[in-house]
Protein chains: 2
Amino acid sequence: MASLKVNRRLIMTPGPVAVDPRVSQAMSNSILGQFDPDFTDLMNETMELIRKSFKTQNKWAYPIDGTSRAGIEAVISSIVSKGDKVLVPVIGRFGHLLIELIERAGGEVHTITAPMGQIIPQEDIIKEMDKVQPKVLAIIHGETSSGRSQPIDQLGKAAKERGAFTVVDAVATYMGQDIPVDEWELDAVIGGAQKCLSVPSGITPITYNDRFSEEINKRKRVEEGIRTTEDGTNDSNFITSNYLDLTQLEGYWSERRLNHHTEATVNVYGLYESLKLAIDEGVEQRARRHSYHHQALKEALTAMGLDIFGDQDYEMQMVVCVDIPEGMQDTEFRGELLQRFGIEIAGTFGEVAGKIWRIGTMGYVAEKHNIMNFISTFGVFLQAKGAKNIDASAGLKALMEFYDKNEL
Amino acid sequence: MASLKVNRRLIMTPGPVAVDPRVSQAMSNSILGQFDPDFTDLMNETMELIRKSFKTQNKWAYPIDGTSRAGIEAVISSIVSKGDKVLVPVIGRFGHLLIELIERAGGEVHTITAPMGQIIPQEDIIKEMDKVQPKVLAIIHGETSSGRSQPIDQLGKAAKERGAFTVVDAVATYMGQDIPVDEWELDAVIGGAQKCLSVPSGITPITYNDRFSEEINKRKRVEEGIRTTEDGTNDSNFITSNYLDLTQLEGYWSERRLNHHTEATVNVYGLYESLKLAIDEGVEQRARRHSYHHQALKEALTAMGLDIFGDQDYEMQMVVCVDIPEGMQDTEFRGELLQRFGIEIAGTFGEVAGKIWRIGTMGYVAEKHNIMNFISTFGVFLQAKGAKNIDASAGLKALMEFYDKNEL
């Protein structure tokens, strides 16, 4: 029987991206039982690493056993109950995902929007909070669909002053930009695995503060089968998911170790190892590395003759968006790039679908040799396919110049 | 920076258990993008392997990206909506988990129960269906808390004749006992990864038939952000989870490839590889291997002087339950066995907690050398700790005799 063969890829998308082999190695360690003291110690150490990654003193910092979307849903469905007003600033596809999750939770959605490629000034969001008076402000930090990094540093404090809770989807920026959760006074933040942290999709680190925890625990319901008399039953307004119920996960991730799901052992191994690598590199240094390669790639693409898409003052530091050059067809070109070279770049969603490409430099991918190889192949392949006004050599020269002139 | 070090364990519990190194190897392959044709091909092949594992022609056979509990919740919350009557036969802790999930989905729970260690005759369940007239019969195939295998081969047909849907939690028996889904006319079945299939916890294969699919699709709601006009919005009675919404997962796992979560790439690699290994061994041969070692272990434990717990006509073929011998304290003994030898056995939940131990022989663990080593150490350690009427040598002799006399 032939074993699984996977061809090498150079994934220059906004995720999922390549995994550091040291992380894969950690994930091949033996299974430990979920209540094995060696494993519960590892759970505690992983919590501490998540705290460090978010620069927070929050007690609650643990992973959800599902992909990023599971993490976002867990947070949203625990804080939003039927009829709750939620304000969602929408600057792209992932804002719509928040709307979707809030509607599923029974929340009343209010939006403030900007066209794709733009962000919304924080003062406008604060004014809208004054108007709507939401229970929750749910916002995307890195809107990958348009490559924008929405400023959020003033929103936590403003929301708190207005009695609202902030929920921040930082899936795409986590470990690629600095997200000082306590300094920004954010109530709940969701990070991502398969992007700048470079862990396989399937586990999602989150953190939230005591204020948030107190609020969601008003809906707490210890599950049938393990509940004691003092736990009560809570027959009204409980969180509708059991699997994604943060109040139950608190019981599992705290010293009470209340039986819940069987923790995803090797995903935790991978998360632990990758966070150790990231903390060892340094949260700020890692953010610098992302900005550095982002800038390098942007200069190369510009020199090559491509137009950068969107407001350049608010770019995610791990995604470059470019207009698709004249004469190139989106899916056809990307398909051929993948099939012939094993190189993947991304199209996008919504109003600019088919008009822009998104080129990611995330985590383990954000290294010189990857970007050097990418720029060479991408440029000359564009020329070979007949794209107009493309100068591959100029792109490569600009990249070499950037790396030669600028130290990380 | 020291990399993660995990000590070797011999996990003789009902899961999570050791992973076959060939599966770990497969999981260390490079990441593929989620819409990379190589990856979507692998998704399709994995669906085909899941079909074979369940001996089904069902179109729908795919994994949920979460632990077993996520798989069960996905199925329950997609089929059960507010006020729906659900009949749950309860013979242990995991029956209570079904109740919990049904209550969270707003269902009206009716139960029929048996004490732990017993099963419920199928005719009693069918009679109860006549009385309750449920929309759904939700039942545990392998109730690991008591080690019983509940007969279900007549229930699918009986439920269908009564207009009800069967939902079977086969997490613990999957790939360790034969579960011919089509022959037994089961509507929806959830398998497990971290048990007899020996894949790390975090992904959960499920299957369901067209009848089930049609029913859940009455609640279909394509998500905000990617929905088209013809999809409609469905503002009433939609499935409350987005992440675990099977109707959306159908869109993702079918040729439409409707963007949903970012598939858990390496968990799929692991599932694929382990299913290939299992299908290569043969579903029936694998069931035989589990029964064989189960019988061997049982004879050894009996010869050693331990009493087997529960109705021996309905044992799960991968868990032996024994009464804790006089003088031994449950958690203390198990803790010491784990700490000193790296060997893990399990206690249990509910009315027999502290009274029985559960010893598992699942998947990659169900091999002679593991059981030989386990029996030797377990027996002599019991003696050393002062357990009464234990004869370690007799246990080991019986095991050797079993293996010498009986071919697999």
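Which side chains meet in a salt bridge at 2.4 Å, N to O? In this predicted model, in which local features need pLDDT of at least 70 and side-chain atom pairs count only at pLDDT 80 or more, whereas totals for chains, interfaces and linings use all residues, side-chain values use heavy atoms, with hydrogens and water left out. Residues are numbered from 1 along each chain as its sequence is written, and chains are lettered from A and ligands numbered from 1 in the order in which they are written. The side chains in question are those of A:Lys55 and A:Glu284, a salt bridge being a side-chain nitrogen of Lys or Arg within 4 Å of a carboxyl oxygen of Asp or Glu.

The domain assignment of chain A, whose bounds come from an automatic or database source, gives domain 1 (20-279) and domain 2 (282-405). The contact between them (heavy atoms within 4.5 Å) takes 33 residues from domain 1 of chain A and 27 residues from domain 2 of chain A, and the C-alpha centres of the two domains lie 30 Å apart. Together the domains bury about 2400 Å², 61% of it on carbon and sulfur atoms, where buried area is the accessible area (1.4 Å probe) that two parts lose on being put together, summed over both. On the side of domain 1 of chain A, the residues that lose the most area to domain 2 of chain A are A:Met116, A:Arg148 and A:Cys196, which together make up 22% of what that side buries. The count between the two domains of chain A is one salt bridge and 15 residue pairs in polar contact, both residues at pLDDT 80 or more; a polar contact is a pair of N or O atoms within 3.5 Å, of which, within protein, one must be able to donate a hydrogen and the other to accept it, while residues adjacent in sequence count only if both atoms are side-chain atoms.

UniProt lists A:Lys195, in an unreviewed entry, for "modified residue: N6-(pyridoxal phosphate)lysine"; its positions are given in the numbering used here, feature names are shortened, and annotations may be inferred rather than shown by experiment. A:Lys195 lies in the loop between strand 9 (188-190) and strand 10 (204-208) of chain A, helices (H or I, at least four residues) and strands (E, at least two) being DSSP runs numbered from the N terminus. A:Lys195 is buried, with a relative accessible area of 10%, where buried means under 20%, exposed over 50% and partly exposed in between (1.4 Å probe, protein chains only). Leaving aside neighbours within four places in sequence, the contacts of A:Lys195 include A:Pro14, A:Val171 and A:Met362.

Between the chains, 76 residues of chain A are in contact with 76 residues of chain B, and the two chains bury about 6300 Å², 54% of it on carbon and sulfur atoms. In chain A, A:Met1, A:Leu4 and A:Arg104 lose the most area to chain B, together 14% of what that side buries. The count between chain A and chain B is 14 salt bridges, and B:Arg9 forms a salt bridge with A:Asp38, the closest N and O atoms being 2.9 Å apart. Helix 8 (residues 246-253) of chain B is mostly covered, with eight of its eight residues buried, and these residues pack against elements that include helix 4 (93-104) of chain A and helix 2 (37-53) of chain B.
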